[in-house]
Each structure stands twice: as structure tokens, then as C-alpha cells.
Amino acid sequence: MLVVDDDTALAEMIGIVLRGEGLEVSVCSDGSGALAAFRDSRPDVVLLDLMLPGTDGLEVCRQIRAESGVPIVMLTARSDTGDVVLGLESGADDYVAKPFKPKELVARVRARLRRSDAPEPELLRIGPVTIDVAGHAVRRGEDPVSLTPLEFDLLLALARRPWQVFSREVLLEQVWGYRHAADTRLVNVHVQRLRSKVEADPEHPEVVLTVRGVGYKAGPA
Amino acid sequence: MLRGAGARSRPASALSRLRRAWRRSLQLRVVAATVALGLLTVSAAGAYLAQEISQQLFDSRRDQALVEAARGATDAQDRLDAFDAATADEVQDQTRVLLSQLEGVGPDRDRSVLLLLPPDNRNPAAIGDVYRPGTAVLPSRVPEDLRERVREDAGQRYRSIAVAQGGSTSPALAVGQMVDVPIAGDYELYFVFDLSREQATLDAVQRVLLLGAAALVVLVGAVAAVVTRQVVQPVRQAAGVAQRLASGALDERMPERGEDDLARLARSFNAMAGSLQQQIRRLEDLGTLQQRFVSDVSHELRTPLTTIRMAGEVLHEARGSFEPAVGRSAELLATQVDRFEALLADLLEISRYDAGAAALDPELLDLGALVRRVVDQTAPVVSRPGSSSVLVSVPEEDCSAEVDRRRVERILRNLVVNAVEHGEGRPVRVAVGVDDGAVAVRVRDEGVGLTPAQAARVFDRFWRADPARARSIGGTGLGLAISREDALLHGGALEVAGEPGRGATFLLTLPRTAGEPLTSRPLALAGAEAATRG
């Protein structure tokens, strides 16, 4: 995995903790070199500080997202400001607010690394959208839709139980792996991003429906 | 009935509108005062003029009348003396002719002439009163006092009288003099001059005066209106601009035209607005600077703190392999880093409130469920053997309200933790109440309690009722201060009451619609205790 952080002490400390968990860690200390480091090491997860010298963290996030669906977890010192939403909108999957505990960080990273073990061949359908679970592929009609793993998981969670309305808290638990209540903005931003990819008209969604005051559900098959 | 009410209220409302306009419009008051003063002046002048003119008219007519009457009387006496009558009847006939000659003929005839018998003339040959038949002036019209004065001496005497003429009366002047009638003896000769033509002139003059006065008053009123408008208009404009300035449109200015007093007013007003704007801008800049500072501090402190914390945790995990003293040090490091972090978080939250940067993020939530969850999550964390249990009572009604989940959870957590820590092992009761406008949560413990002086200070920053005791329990000392700010941000209230040795009660009341003012209290701070204890 790749850690992009300008604070070398923190980057080293993160390295120590994650290596202790048996992960392979490479470190990049500024934004301008982040993309090269990413191409170099091909990590399974990117840990990205939002405040970086050189290229801004949001920009790095966009650059990486432009060429890969790799899970990106932001490190932020300002969880209560618009920075988080900006980061999520730039393509980050999740965030960890400073100061975090090592366990919290490990849990976040593990949740992003987790893969459903050898899924059954399964074909799900919401309206015009078909989901090939084993092949990790989504099509709208005949056109392939490129989703990040997180967006795929989100769509899958909704599609597996089309009769159920998912509250944001439940989605946080199932898709992001949070055990306690967390920031529901994560869900809002990712639902919007998912809609922009799978809906014909994101303003009038028919695949991911909003249930006012409760949460989201899959559209009719 | 409706119409009746409307008809009744309309004049009242018109009156009140007029009263309000009177109170509020300087222009109306100035115009009214000017018109009133103008009216007074013009009527005084008009009255004087009318009086003077009528006097002049009368005087000149009187002088003329007296001259004519004197000439007439002399003429009459000469002719009477020249009578060649032998009997009373002849005298009477010739007198009639004389009178009609004296009166004149034609439409220009403006006088009546009467020859009246004085009561003291006992001459048996007297011919009685002589006058033209059909005349408007009957002998009875000549007043008795004039007749007495005429009889007293030989000269001319006169008096104004009123003469009836076709239903109306017109003014007239009666001039009398004694004459000597042959055979019949002394007689009173009266010339009664008709003044109706003079009266008509006077009427016309008065009409013109009245019209002129009315026109003058209207003109004066209009001039006053125009002049005050010129002065009041800029004042009104200034008031409008000031109002817009006050409501935040700091770029508003008055137009500056010319160099008169009003232009000076506009200029100083604009100068004032300019300096105000500058001050406000500076304060705003300071506020932004403060917010930036807070935000930067947050970032700068949090990054090293994260490293410290991770290092501490790593050491803490490995403390089993250390010597006891080092192991304990690692433990202390870990717990104190937690405390440091909590303190930092609270400090940042408070400074965010101080900078006015705290924003509400409301969503519709069921307060009952929220209370239950907070109690379920919090109570186990703080409970130790023998500590207070928490009893929750939630009404069956819908307790949903638009609240900021993070902030309300923080308030509830603070209150519950606080109550359990101070509860002395006796139960803590949490009650939720709801009505149309508000929801309330009351947390009551039966522990050490508070004096009123302490209750007044619990929301102060870093304040502790008993420093030695509270520090061992922990907490940053900012929890209740933040909770209070959180409640106020919702437009709600957080209140406290207590009694030493009998416990403390905290009451959180929040409006059900975010931003609405609180109008009701679903739960009371004190009083319901006996009932709940039941």
C-alpha cells in the first residue's frame, strides 16, 4: 500500500503500525511525486493526506482516480469542514480523522482491502443495470459501466436485497465496515457518484432510489 | 353582521390611520401648523378689512344722505311755507304731492319720505301721518327713540334701521327733522334712505375677501408642503439608507448634491457610513483570521498528536514486555494522550463557537430513540460497580425533531455521564417530553447535588464544583459549556437546578423545527419529581 503524507514522522509511524499488521508499505512525502509513486508501486490501498505541499491532496486524489479504481482513504485533520465532502467528491472512498488510533486506521484499511472470497457466479438486475458479481462488472443495457470497488459494493448491497430500504447507518456498516455510527456524508457523496455513473438522469434516479427520511433502496428490477 | 362590523371599524381605522400619519409625518404636522397659523392671520386681516370697508361705505353714504336730507328738508319747509291752502284737507293733498316730489320717481328712487304727527301736537286741524301708499317704509318702522330725539330739538337726527322688503330685510338710514306745516302745526319729516345697494357692494367685497383668504390659505399650505418636502425628503432618504445600512447593506450611500445643509448632511452621513463599513470590515477580517487560525492550529496540532498517539498505543500494546515502571509510563502516556486529545477537541469546538463558525446541520430524528441509544452506549462506559443505573422514560407520542445529530448526541452524552458520575449510586432518571413546538430531555440524579451558586456556574468553562473530586473523574471541564452552546445553536435551552445532597436536574429543550424560537416547555425543570418518584 501507499502512504502519501508530508509529515515524515507520521508517515513513518503509520508504516510501523501497518507493517506490524503484515502489510507492505511505501511512502511518498509530497503531492507532485504521488502519482509517479502510485504507478511505481501499484498499491492495493492509498492513504492520502489532504494537506500536501506541491500538488494538493484533492488533486492527487483526482489524478489517481482518473486511472484507477483503487481504494483511497483520506487522512484529514478537519473532519467537520467541507474538506471531507470535497475529498469524497474527488474520488476518495473513506476518510480517517486525525488524531486516530492505530486500530482505527488498521480497521479502515482492512475494510478497503477486504474482498468477498471467491464469489458465486451471480447475475443481479436493477432496472436497466445488470451486475455480474463474480466478474466484478456492471453494465447499463449493453454498455459497460466502470465502478470503483466501493461503488460496486454499494450497488451490490442494494441489489442483493431489493425489497429492503437501507438506512445510511446500515450502509456504513455493510459497505464501509463501520461498527459504530459514522459520518453519513460518506453515503450521500458516494450515492451521488454512483448515480452519476449508472443513472440515465441522475436528477431523476431509477436505479438507486431515495426514501425520504429513511435512506436508499434499489429500483424495481 | 359582518358588514356592521366593517362599517363600525372603518371610521375607527381611518381615524387611527390619520393619527399614525400625524405621529409619523413631519410634513403633515408642518403643513397643518402653517395652514392653521395662515388661517388665523388671514381671518384677522379679513375681518379688519371687511369692518373697515363697511364703515367707510356707510360713512360716505351717511354723509351724502345727511346732506340730501338737509337740502330736502329746507326745500320742503320752503314749499310748505308757500302753501295756499285754507283747510286741513287741502293741506293734506298738497303735502302728499310734496312728499312724492321729494321722493323722486323712477327706478333710481332710493328714499322714502314720511311726514309724521308728533304725539304732543294736539292741534285739531292736524292731518295725521302722511306717506306714500304702498311704501315699504311704514310709519311704525321709524323707531320711537329717533322720533323722541327729533322732537327734542330742531336739528337733524339719524339712525340705522332695518326695512322689510319682500320677505327679507334690508338696511336703511332714517334721517329726521322737525318742519312746520301750515294749519296742521309741527310735524316730523323723515327721509329713509335705502342702503341695500351699499349692502350688495359690501356683500360682494366680503365674498371676494373670503375667496381671496381661502385661496391664500391653500396657497400657504401648498408652499409649506413643497418647502417641507424639500427638507423632509432628504431626511426620509437618510432614514431609509440608515435602515438598509443597519440591515447589512453596507454599500448604501446617500446621493450628495450641491453644497447646502442637506448636502452637508448627506456628506457627513456618508462619511459615517464609510467609517462604520471600514470598522465592520476590519472586524470581519479579524473574525476570518481567527477562524483560519483555529483551523490551522487544529491541523498543526493534530498531525503530531496522531504520531504521538500511535507511538503511545504501540508502546502500550507492548507494555507487558517492559519493566513495571516503563510499562506504567506507557499506560500513563496512552491515557493522557487521550485526555489531551479530548481537551484539544473541546477547545477547538469552543473556539469555533467563539468565532461564530459553528453551523447547524439539522435532520429529522426521533429524540426518544436517540436518548435510548446514547444511554445504551454511554452508561456501560462510565459505570463501575455500585454506580448509578439509568432509567429512561419516553412517551408514546412521536418525539421527532429537526436537530443536529452530532451536537444533540454530545449534549445527551455529557448529561448522562455527568449524572452517573455524580449520582452516588442512586438511580439517574432520564425523561423525554414532547408537545407541538418542542421536545425536552430531563436528566435527574439524586447524588451530591448543587447549591444555587454552583448551579449558576456549571456552564462556565473549566469550572468544577469540587476541584479535587472532579479531576479524578476526568472530563475536560468544557463539556457543559459546549453543551450549552449546542443547545443555543438549535434555538433551544439547557437549564440546571439542584439542591445540595438531593441531586441535580438538567433540562434540555429544543424546538421541533430547526431555527424556530422556543414557545413552550414540554417538561418542567423542577416539580414533577414527586410524581415520577410515585
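**Figure 1. B:Glu424 sits in the loop between helix 9 (405-422) and strand 9 (428-434) of chain B.** Before you zoom in: this is a predicted model, where local features need pLDDT of at least 70 and side-chain atom pairs count only at pLDDT 80 or more, while totals for chains, interfaces and linings use all residues. Residues are numbered from 1 along each chain as its sequence is written, and chains are lettered from A and ligands numbered from 1 in the order in which they are written. Helices (DSSP H or I runs of at least four residues) and strands (E runs of at least two) are numbered from the N terminus. Phi of B:Glu424 is near 55 degrees, a positive value in a residue that isn't glycine. Most residues other than glycine have a negative phi. B:Glu424 is partly exposed, with 15 other C-beta atoms within 10 Å. With C-beta atoms placed from the backbone, buried means 20 or more others within 10 Å, exposed means 12 or fewer, and partly exposed is in between.

**Figure 2. Here's B:Phe462, in the loop between helix 10 (452-455) and helix 11 (467-473) of chain B.** B:Phe462 isn't a glycine, yet its phi is positive at about 60 degrees. B:Phe462 counts as exposed, with 8 other C-beta atoms within 10 Å.

**Figure 3. A cis peptide bond links A:Lys98 and A:Pro99.** Omega here is about -5 degrees. Most peptide bonds are trans. To find A:Pro99, look in the loop between strand 5 (94-97) and helix 5 (102-113) of chain A.

**Figure 4. Helix 6 (residues 149-160) of chain A crosses helix 7 (residues 168-176) of chain A.** Their axes come within 10 Å and cross at roughly 125 degrees. That makes helix 6 of chain A oblique to helix 7 of chain A. Axes are lines fitted to C-alpha atoms, for helices over the stretch in contact, and angles run from 0 to 180 degrees between N-to-C directions; under 35 degrees is roughly parallel, over 145 roughly antiparallel, 65 to 115 roughly perpendicular, and the rest oblique. On helix 6 of chain A, A:Leu150, A:Asp153, A:Leu154 and A:Ala157 meet A:Leu171, A:Gln174 and A:Val175 of helix 7 of chain A. Contact is called when C-beta atoms, placed from the backbone, lie within 7 Å. The residues in this contact split into 5 nonpolar, 1 polar and 1 charged. Nonpolar covers Ala, Val, Leu, Ile, Met, Phe, Trp, Tyr, Cys and Pro, charged covers Asp, Glu, Lys and Arg, and the others, Gly among them, are polar. Helix 6 of chain A has 9 of its 12 residues buried, so it is largely enclosed by the rest of the structure.

**Figure 5. Helix 7 (residues 324-354) and helix 12 (residues 479-489) of chain B pack at about 35 degrees.** Their axes are 10 Å apart, and the crossing of these chain B helices is left-handed. B:Asp346, B:Glu349, B:Ile350 and B:Tyr353 in helix 7 of chain B meet B:Gly479, B:Ala481, B:Ile482 and B:Glu485 in helix 12 of chain B. Sorted by type, the residues of this contact are 4 nonpolar, 1 polar and 3 charged.

**Figure 6. B:Ser483 also belongs to helix 12 of chain B.** B:Ser483 is buried, with 23 other C-beta atoms within 10 Å. Leaving out residues up to four places away in sequence, B:Ser483 touches B:Arg410, B:Ile411, B:Asn414 and B:Leu494. The C-alpha atoms of B:Ser483 and B:Leu415 are separated by 8.6 Å, though these residues are 68 residues apart along the chain.

**Figure 7. Helix 2 (residues 26-81) of chain B, end to end.** At 1.5 Å a residue, its 56 residues should span 82 Å, and the end C-alpha atoms are 81 Å apart, which agrees. The expected span is 1.5 Å times one less than the number of residues. Buried residues in helix 2 of chain B include B:Gln27, B:Val31, B:Ala65 and B:Leu80. The buried residues of this helix pack against helix 3 (88-103), strand 4 (168-181), strand 5 (185-194) and helix 5 (196-246) of chain B.

**Figure 8. Where chain B touches chain A, the contact takes 15 residues from chain B and 15 residues from chain A.** Helix 6 (residues 261-317) of chain B gives the most to the chain B side, with 13 residues. That side divides into 5 nonpolar, 6 polar and 4 charged residues.

Methods. Contact = placed C-beta atoms within 7 Å. Left-handed = near helix turned anticlockwise from the far one by under 90°.
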